[in-house]
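Trainee: I have a structure to go through. Can we take it step by step?

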Amino acid sequence: MTVMETAPTRTHSCADEPRAHPRPEGQDHYTISEVAAHTGLTAYTLRWYERIGLMPHVDRSHTGQRRFRNTDLDWLAFVGKLRLTGMPVAHMVRYAELMREGEHTFEERQELLESTRRDVRARIAELNDTLAVLDFKIDFYADARRASERA
């Protein structure tokens, strides 16, 4: 079965096996440096995400330091998946805006994700074609090398 033929799965998570949160629910206050270490994103990127509206409101401590929660980590994991799809940042920001607007935006959110899925499937098809060419060339050189070794 090829990637294009796989049956869709119905999950609500961002990944098959989501990364465990560093702290259990109820103890989920993280500094920006802890989130950066956990996600691999820089503090600059996290601030930028917040500034452009890609991150939901992040709580602040009494001294003004950002305090991220497990739900923020879940959102960042999802944004990471969207980045991997090649979705433009403007579309990600629009999706985040729609999330904040509520359930009446389900249809528009679904359309954004379906459009991205079509783009991903097209890229997968291109990559499968590219892989077939590489396999052909690798086999050609392996056969040619074996033939020259027998001669």
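Trainee: Does Phe140 count as buried, partly exposed or exposed?

Mentor: Keep in mind that this is a predicted model. The relative accessibility of Phe140 is 45%. Buried needs under 20% and exposed needs over 50%. Because 45% falls in between, Phe140 counts as partly exposed.

Trainee: Is Tyr141 buried or exposed?

Mentor: Its relative accessible area is 53%. The cut-off for exposed is over 50%. So Tyr141 is exposed.

Trainee: Which kind of aromatic pair do Trp75 and Phe78 form?

Mentor: A pair of aromatic rings is described by the distance of the centres and the angle of the planes. By the rule for pairs, the count comes to five aromatic pairs. Trp75 and Phe78 form one with 5.8 Å centre to centre and 45° between the planes. Under 30 degrees is stacked and over 60 is edge-to-face, so this pair is tilted.

Trainee: How far from Asp72 is the nearest side chain of opposite charge?

Mentor: Asp72 lies in helix H3 too. Asp72 is buried yet has no salt bridge. A salt bridge needs the charged atoms within 4 Å. The nearest side chain of opposite charge is Arg69, at 6.2 Å.

How values were computed: Residues numbered from 1 in each chain as written. Predicted model: local features only at pLDDT ≥ 70, side-chain atom pairs only at ≥ 80, totals over all residues. Heavy atoms only, no water. Helix = DSSP H or I, 4+ residues; strand = E, 2+ residues; numbered from the N terminus. Buried < 20%, exposed > 50% of the residue type's maximum accessible area, 1.4 Å probe, protein only. Lys, Arg positive; Asp, Glu negative; His and termini not counted. Phe/Tyr/Trp six-rings, centres within 6.5 Å; stacked < 30°, edge-to-face > 60°.
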